[in-house]
Amino acid sequence: MKDAILIKGNKYGLTIIINDQVDFSTIKDALFKKLNDSRKFFGSSKVSLTFEGKILSTEEQKTLIEIIQSASDLDIVCIIDSQLELSQVLEVKSVTSPTEIENKNTNEISNVSSMHIEKPIKTQIIPENAAIFHKGTLRSGQEIIADSSIIVMGNVHNGATVAAKGNVIVIGKLNGCVHAGKDGNATAFVVALNMSPTQLRIADVFGRSPDKKGKKIISIPQIAYVEDERIIIENINRNIYENLNYIN
Amino acid sequence: MSEVIVITSGKGGVGKTTTSANIGTGLAMLDKKVVLLDADIGLRNLDVVMGLENRIVYNVIDVIEGNCRLKQALIKDKKYPNLFLLPAAQTRDKDAVTPEQMKKLCEHLKEEFDYIIIDCPAGIEQGFKNAIAGADKAIVVTTPEVSAIRDADRIIGLLEANDLHDSRLIVNRIRVDMVKRGDMMSVDDVIEILAIELIGTIPDDENIVISTNNGDPIVNNTSCPAGKAYFNISKRIIGHEVPFMEFQSEKGLFGKLRSIMGFNN
């Protein structure tokens, strides 16, 4: 007979594979036994949980979580819906709402759920034609013009032009002329791994490289955007993404 | 297996013709059967640099238009019996030839010769299109100046658009003293900008002017640095591994250390 419960590790934590054929009380017992037996092995690490094999009701999930918490010292950070690809963990089912939980583990679980209830990560459906890719170096005299965003995988040399209705992202050196939001969209931005364009235009705002060039350009990924009718270039940090939009 | 190599630069005056003459002669010195094809119709120079001006009877237009046989138009070099020149016409212009005709001519020459070296005219117009039409490989000549580099970049783009992908770079007229002072771009800077593989560097050498005026390619004189550099490029073309020369007027401490340790970049 197949085991009632199988526990597997994955990149993010543990996957608990439940045998569909077995009734729920057997599952509970098996889970408790397995975890309790190897309490030392699992330790008190932070894990995410995924249930697979059987579709569980909210009540059932809640019960199982309680068992896991009593049988082991694991710190459950979140529960991942097995229907979703692990790599694109987008939304976590709210297994438990804070009010539903009493008893000793309240703290832990409410922590878990509140994290995900307050801040659900929404799936953004990005239109298919949001961006075009160009692979290779753009040399002097070559240009890309597009009614979408443009992503250049390569360098943009002096004398080359990139013009997009949307954003421009250069995975490489940007030395040429670049125009983002060419139809007047001032929320467009330009990102480059090494930002030293001859000319940079976003919508109608225009900037050019300083006449006196520094000897060595430090290559830090930077972003250019418009604020108060002026182009701002700054280093990319994680806060910057909150204000960005893709443009179609 | 024969190869058609076009020597091009975009900008004028960076040394395409000198390079063509010297590489052609260098390959002939290495016992290859070589023909130099001057594609600069209307502004021919290669014959002058080779010192063969007085022997021209027929030219490339005559061959293409069928006024003569190919053999009649080929001029044998003074020194090397396996080196030939197919001169350009001086009285016509670039529109007298089409890329298809050039392609056909190159195919024809390939049957006879190991290497066909095409001297490309400056610019990106008809003459350039003709010159690259039959080419298998391209060598881009540039000097360490922004204008020449910008044009070279454009040329590399156009070559790529015409399916000539692995172009090689010659950086001409390097002046070591100026590079050291930081007044001239170094070879590494140029490569960094153009992002193609180097095949050789030529130091600035007044002997080149002398040899050009005498109609005697400098590669014949391998005792001077420029001649040696051209000969090394010829060797690299036929597949020899030749380390890149270090042009140094005087070695600093670091240079000395490097040569002691046997580094050669």
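Reply: We begin with a term: a residue counts as buried when its relative accessible area is under 20%, as exposed when that area is over 50%, and as partly exposed in between. Please keep in mind that this is a predicted model.

Me: Which residues of helix 6 of chain B are buried?

Reply: Helix 6 of chain B covers residues 126-133, and its buried residues are B:Gly127, B:Phe128, B:Asn130, B:Ala131 and B:Ile132.

Me: Against what do the buried residues of helix 6 of chain B pack?

Reply: Their partners within chain B are strand 1 (3-8), helix 5 (99-110), strand 5 (115-119) and helix 7.

Me: How many helices and strands does chain A have, and what percentage of its residues is buried?

Reply: Chain A contains four helices and 15 strands. Of its 248 residues, 40% are buried. The accessible surface of this chain is about 14600 Å², and carbon and sulfur atoms account for 50% of that surface.

Me: Which residues is A:Gln222 in contact with, leaving aside neighbours within four places in sequence?

Reply: With those neighbours left aside, A:Gln222 is in contact with A:Val190, A:Val191, A:Ala192, A:Met195, A:Ile233, A:Glu234, A:Asn235 and A:Ile236. With A:Asn235 there is also a polar contact between the side chains, at 3.0 Å.

Me: What is the general idea behind a salt bridge, and how many does a search of the whole structure find?

Reply: Side chains of opposite charge can pair when their charged atoms come close. Over all chains, the search finds 18 salt bridges in this structure. One case is A:Arg139 with B:Glu160, whose closest N and O atoms are 3.7 Å apart.

Me: Why does the pair of A:Arg139 and B:Glu160 join two chains?

Reply: A:Arg139 lies in the loop between strand 5 (131-135) and strand 6 (143-146) of chain A, while B:Glu160 belongs to helix 7 (residues 146-161) of chain B, so the pair links two chains. A:Arg139 is buried, at 2% relative accessibility, whereas B:Glu160 is partly exposed, at 24%.

Me: How should I read the interface of chain A and chain B as a whole, and how many residues does each chain give to the contact?

Reply: One considers the residues taking part, the area and the pairings. Chain A gives eight residues to the contact and chain B gives 12 residues. The area buried between the two chains is about 860 Å², with 33% of it from carbon and sulfur atoms. Three salt bridges are found across this interface. There are also seven residue pairs in polar contact, with both residues at pLDDT 80 or more. On the side of chain A that touches chain B, the residues comprise no nonpolar, five polar and three charged.

Me: Which residues form salt bridges within chain B, and how exposed is each partner?

Reply: Among them are B:Asp177 and B:Arg175, which meet at 3.7 Å, N to O. B:Asp177 is partly exposed, at 34%, and B:Arg175 is partly exposed, at 34%. Another pair is B:Arg181 and B:Asp183, with closest N and O atoms 3.1 Å apart; B:Arg181 and B:Asp183 are both exposed. In chain A, salt bridges that share partners connect A:Asp147, A:Lys165, A:Lys182 and A:Asp183 in one network.

Note on methods: Residues are numbered from 1 along each chain as its sequence is written. Chains are lettered from A and ligands numbered from 1 in the order in which they are written. This is a predicted model: local features need pLDDT of at least 70, side-chain atom pairs count only at pLDDT 80 or more; totals for chains, interfaces and linings use all residues. Side-chain values use heavy atoms; hydrogens and water are left out. Contact means heavy atoms within 4.5 Å. Buried area is the accessible area (1.4 Å probe) that two parts lose on being put together, summed over both. A salt bridge is a side-chain nitrogen of Lys or Arg within 4 Å of a carboxyl oxygen of Asp or Glu. A polar contact is a pair of N or O atoms within 3.5 Å; within protein, one must be able to donate a hydrogen and the other to accept it, and residues adjacent in sequence count only if both atoms are side-chain atoms. Ala, Val, Leu, Ile, Met, Phe, Trp, Tyr, Cys and Pro count as nonpolar, Asp, Glu, Lys and Arg as charged, and the others, Gly among them, as polar. Buried means under 20% relative accessible area, exposed over 50%, partly exposed in between (1.4 Å probe, protein chains only). Accessible areas come from the Shrake-Rupley method with a 1.4 Å probe; for residues, only the protein chains shown count as cover.
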